[in-house]
Amino acid sequence: MLKGKGQLKFEDKWVHMRPIVLKLLKQEAVSQAEWHDLFYDVHLVCLWDEKGPAKLRDHLHEDIVQFIKQAQSRVLAQREEEALLKAYIAEWRKFFTQCNYLPTPFRQLESSLQGKTTSASSSMQGSNNKPNSSDECIVRKLMLDSWNESIFSDIKHRLQESAMKLVHAERNGEAFDSQLVIGVRESYVNLCSNPDDRLEIYRENFEAAYIQSTEMFYKLKSSQYLAENGVQAYMKYADAKLKEEESRAQRYLE
């Protein structure tokens, strides 16, 4: 039988819930029984411990931040620019995947913090390891904001500079892996948790850096080409570069 309200404590259940949460964060295998147990324990904590929802949110936040710090250490261990980009993109893509899965067992937490209630069976219905489709849920926002406030805020300037150097190299005819620039852009696009402006972080950071680097490149190159080749050749050069930049923008801009 269930304990009376106030008798079941968050701490009684968190010791069983936390290992499953950590498995999900690390993308380790979770059994169907563990998956369902997590749903049920979240439901019990939120309904039978008055302070349960707030405690659950805070402990979840602590584990998410700790996981992100570990990812940050792995990224910052890379000294070369391309290695840094590859490491960041790999860590971000794994984390973003879990932003779609981890919130699913915490639907009751969402409801409790918003003053609603749902049954355990309805929370689990159709949830057999399927991602949560809500982009505005509390746990997903918690995950994205935690990433933004820690690793992203610390290294976003290095990411932008490294990505823009690769674009600069491409403009000079050098070969490189364009997926590195695309991967960085994707993280900027998907990171924003503001439902009213999904491109806010991308626009204020990546797009702004891209436009600035483009202006700087052609301010130097155009005047140099004009001085060396004359107006007629410059017009052909400008037309070719406009088409080239249109194609590049389709690859790298949102």
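**Exercise 1. A loop residue**

Where is Gln 27 found? Work out its exposure class and its phi as well.

*Solution.* 
Step 1. The model is a predicted one. Locate the residue: Gln 27 sits in the loop between helix 1 and helix 2.
Step 2. Classify Gln 27. Its relative accessibility is 37%. Buried needs under 20%, and exposed needs over 50%. Gln 27 therefore counts as partly exposed.
Step 3. Check the backbone. The phi of Gln 27 is near 60°, a positive value in a residue other than glycine. Most residues other than glycine have a negative phi.

**Exercise 2. The overall build**

How many helices and strands does the protein chain have?

*Solution.* 
Step 1. Count the elements. There are nine helices and zero strands.
Step 2. Write the order from the N terminus: α-α-α-α-α-α-α-α-α.
Step 3. Take the buried share. Of the 254 residues in the protein chain, 43% are buried.
Step 4. Residues 24 or more positions apart account for 78% of them.

**Exercise 3. The largest nonpolar core**

Which residues touch the most other members of the largest nonpolar core? Name the helices behind this core too.

*Solution.* 
Step 1. Start with the members. The core holds 61 residues, and those touching the most other members are Leu 56, Tyr 88, Phe 95, Phe 106, Trp 147 and Phe 206.
Step 2. List the elements that give two or more residues to this core. They are helix 1 (10-25), helix 2 (32-48), helix 3 (52-76), helix 4 (81-101), helix 7 (138-171), helix 8 (178-191) and helix 9 (200-252).
Step 3. Find the top contributor. Helix 7 gives the largest share, 13 residues.
Step 4. In soluble globular proteins, nonpolar side chains tend to be buried together.
Step 5. Zoom in on Tyr 88. Leaving out residues up to four places away in sequence, Tyr 88 touches Val 75, Trp 147, Ile 151, Phe 152, Ile 155, Leu 159 and Ser 187.

**Exercise 4. The largest pocket**

Which residues line the largest pocket? Sort them by element and by class.

*Solution.* 
Step 1. Take the volume. About 300 Å³ of space lies in the largest pocket.
Step 2. Read off the lining: His 157, Gln 160, Glu 161, Met 164, Lys 165, His 168, Arg 171, Ala 209, Gln 212, Ser 213, Met 216 and Phe 217.
Step 3. Assign elements. Helix 7 and helix 9 are the elements that give two or more residues to the lining. Helix 7 supplies the largest share, seven residues.
Step 4. Sort by class. The lining has four nonpolar, five polar and three charged residues.
Step 5. Beyond neighbours within four places in sequence, Gln 160 contacts Tyr 188, Asn 205, Phe 206 and Ala 209.

**Exercise 5. Buried or exposed?**

Is Gln 98 buried or exposed? Is Glu 149 buried or exposed?

*Solution.* 
Step 1. Take Gln 98 in helix 4. Its relative accessible area is 6%, so it is buried.
Step 2. List the contacts of Gln 98. Apart from neighbours within four places in sequence, they are Leu 24, Leu 25, Gln 27, Pro 103 and Met 143. Gln 27 is the loop residue between helix 1 and helix 2.
Step 3. Give the distance. Gln 98 and Arg 140 are 42 residues apart in sequence and 9.0 Å apart in space, C-alpha to C-alpha.
Step 4. Now take Glu 149 in helix 7. Its relative accessibility is 59%, so Glu 149 counts as exposed.
Step 5. Give its distance. Glu 149 and Val 65 are 84 residues apart in sequence, with 9.5 Å between their C-alpha atoms.

**Exercise 6. Cysteines and a serine**

How many disulfides are there?

*Solution.* 
Step 1. Count the disulfides: zero.
Step 2. Classify the cysteines. Cys 46 has a relative accessible area of 9%, so it is buried. Cys 192 is buried too, at 4% relative accessibility.
Step 3. Move to Ser 223 in helix 9. At 44% relative accessibility, Ser 223 counts as partly exposed.
Step 4. Finish with a distance. Ser 223 and Tyr 234 are eleven residues apart along the chain, and their C-alpha atoms are separated by 9.3 Å.

Notes
Residues numbered from 1 in each chain as written. Predicted model: local features only at pLDDT ≥ 70, side-chain atom pairs only at ≥ 80, totals over all residues. Heavy atoms only, no water. Core = buried A, V, L, I, M, F, W, Y, C linked by side-chain atoms within 4.5 Å. Buried < 20%, exposed > 50% of the residue type's maximum accessible area, 1.4 Å probe, protein only. Helix = DSSP H or I, 4+ residues; strand = E, 2+ residues; numbered from the N terminus. Contact = heavy atoms within 4.5 Å. 1 Å grid on protein atoms, 1.4 Å probe; cavity = no way out; pocket = protein on both sides within 12 Å on 5 of 7 lines; lining within 4 Å. Points joined across faces, edges and corners; volume = space filled by probe spheres on them. Nonpolar A, V, L, I, M, F, W, Y, C, P; charged D, E, K, R; others polar. Disulfide = S-S within 2.5 Å.
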